[in-house]
Amino acid sequence: MKETVKLGIILLVFCLASAGILSYVNGVTAPIISEREEQNAKEAYQQLIPEADEFEALDANELSQLKQQVSKLDSVILAKSAGDTIGYLFTTRGGGYGGDISVITAIVDNAVKDITILKMSETPDIGTKVLERSFQEQYVGKITTEPIAVKKENPGDQDIQAISGSTVSSKGVTDAVNIALEVSEVLNK
């Protein structure tokens with residue numbers, strides 16, 4: 001009995017020490033990770049709308065109202081050139097096979113200019129095919145007034161071709177882009 005209690009106390013001490021160390025490491029690395037994610041997003045903004053010379057976040061109150069209507073909306077950035085808004089960058093999430101897929105959608109002149117995947121955890125070599133440029137280019141030019149559909153065969157003008165074996169990931173990206181289209185229409189009213 002005494003031996004069991006002794007082993008239990010030793011195990012408790014090791015668990016508490018491990019938890020403390022993990023907590024400390026998380027506290028140290030969390031700001032660094034957040035800073036890198038923010039830097040990656042800013043670089044993506046410039047790549048998606050290179051003609052913009054300034055990027056400005058949507059007013060916090062307006063964003064809060066939009067988030068109440070659309071739960072998977074993370075941010076709205078106004079792309080500006082010479083002080084005029086020339087487009088929008090929407091960071092949205094769609095459900096993939098391995099969790100949410102975070103997508104930045106650039107919209108200029110009521111059409112998708114480009115997209116990029118910001119964060120995802122899809123199955124390597126299957127779901128990660130959504131990172132391929134050939135897949136992402138399918139969204140370019142899609143209009144904002146109609147939702148985009150995922151088709152396994154013969155996609156139309158407002159459809160994209162699903163990746164074989166990765167329909168869930170294809171649909172997750174498309175859902176995220178469709179949220180951006182929906183919010184874009186709300187902002188343009």
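Which side chain meets that of lysine 113 in a salt bridge? That was my opening entry, and I kept in mind that this is a predicted model.

Entry 1: I looked up lysine 113 and found its side chain in a salt bridge with glutamate 51, at 3.6 Å from N to O. Lysine 113 sits in strand S5 (residues 111-119) and glutamate 51 in the loop between H1 and strand S1 (54-57), so this pair ties together parts 62 residues apart in sequence. I then checked accessibility: lysine 113 is partly exposed at 30%, and glutamate 51 is partly exposed at 40%.

**Entry 2: strand to strand.** Next I turned to aspartate 74, which forms a salt bridge with arginine 93; their closest N and O atoms are 3.0 Å apart. I placed aspartate 74 in strand S2 (residues 73-81) and arginine 93 in strand S3 (residues 84-96), so the bridge ties together parts 19 residues apart in sequence. Salt bridges with shared partners join Lys72, Asp74, Arg93 and Asp100 into one network. Aspartate 74 has a relative accessible area of 27% and is partly exposed; arginine 93, at 21%, is partly exposed too.

**Entry 3: within a helix.** I also visited helix H1 (residues 2-48), where glutamate 38 and lysine 42 lie 4 residues apart, about one turn of the helix. Their side chains meet in a salt bridge, 3.4 Å from N to O. Glutamate 38 counts as partly exposed at 46% relative accessibility, and lysine 42 counts as partly exposed at 46%.

**Entry 4: the tally.** How many salt bridges does a search of the whole structure find? I noted 10.

Notes: Residues numbered from 1 in each chain as written. Predicted model: local features only at pLDDT ≥ 70, side-chain atom pairs only at ≥ 80, totals over all residues. Heavy atoms only, no water. Salt bridge = Lys/Arg side-chain N within 4 Å of Asp/Glu carboxyl O. Helix = DSSP H or I, 4+ residues; strand = E, 2+ residues; numbered from the N terminus. Buried < 20%, exposed > 50% of the residue type's maximum accessible area, 1.4 Å probe, protein only.
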